[in-house]
Amino acid sequence: MKIDWEALGSVFGVSLAVTVGLVALFTLGIMGLSRQERATAQGDSAALAVTGAYACFAACAAAVAYGINLIMAKG
């Protein structure tokens, strides 16, 4: 049995990059909701912050769904 180290490293690199990207995107969503709470407490409108937060969460959900789709298609 021969291990293709280049392919294994490539899979590791892509997995790491996607994981960091999803965490960053989710963090941006949480920050948007936090800004919405602060704006509401101050009496300001926070429509842009909420819209951005929901867009970040939707992108996270789409990425997870795509990953599940890839697993199911190859399985």
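A residue is called buried when its relative accessible area is under 20%, exposed when that area is over 50%, and partly exposed in between, with a 1.4 Å probe and protein chains only. By this rule, the buried residues of α2 are V50, A53, C56 and C60. The model is a predicted one, in which local features need pLDDT of at least 70 and side-chain atom pairs count only at pLDDT 80 or more, whereas totals for chains, interfaces and linings use all residues. Residues are numbered from 1 along each chain as its sequence is written, and side-chain values use heavy atoms, with hydrogens and water left out.

**The two helices**

- Helices, like strands, are taken from DSSP runs and numbered from the N terminus, a helix being a run of H or I with at least four residues and a strand a run of E with at least two.
- Helix α1 covers residues 5–42, and its 38 residues reach 55 Å from the first C-alpha to the last, close to the expected 56 Å, where the expected span is 1.5 Å times one less than the number of residues.
- Helix α2 covers residues 47–74, and its 28 residues should span 40 Å at 1.5 Å a residue, which agrees with the 40 Å between its end C-alpha atoms.
- After α1 comes G43, which has a positive phi, near 85 degrees.

**How the helices pack**

- Two packed helices are described by the angle between their axes and the distance between the axes.
- For α1 and α2 the angle is about 155 degrees and the axes are 8 Å apart, with axes fitted to C-alpha atoms over the stretch in contact and angles running from 0 to 180 degrees between N-to-C directions.
- The two helices are therefore roughly antiparallel to each other, a term for angles over 145 degrees, while those under 35 count as roughly parallel, 65 to 115 as roughly perpendicular and the rest as oblique.
- Contact means heavy atoms within 4.5 Å, and among the residues of α1 that meet α2 are L22, F26, G29, L33 and Q36, while the α2 side includes A49, A53, F57 and A63.

**Buried residues**

- In α1 the buried residues are G29, G32 and A39, and they pack against α2.
- The buried residues of α2, in turn, pack against α1.

**Individual positions**

- M31 has its place in helix α1 and is partly exposed, with a relative accessible area of 39%; M31 and A53 are 22 residues apart in sequence, and their C-alpha atoms are 7.5 Å apart in space.
- I30 also lies in α1 and counts as partly exposed at 42% relative accessibility; its C-alpha atom is separated by 9.4 Å from that of Y54, 24 residues away along the chain.
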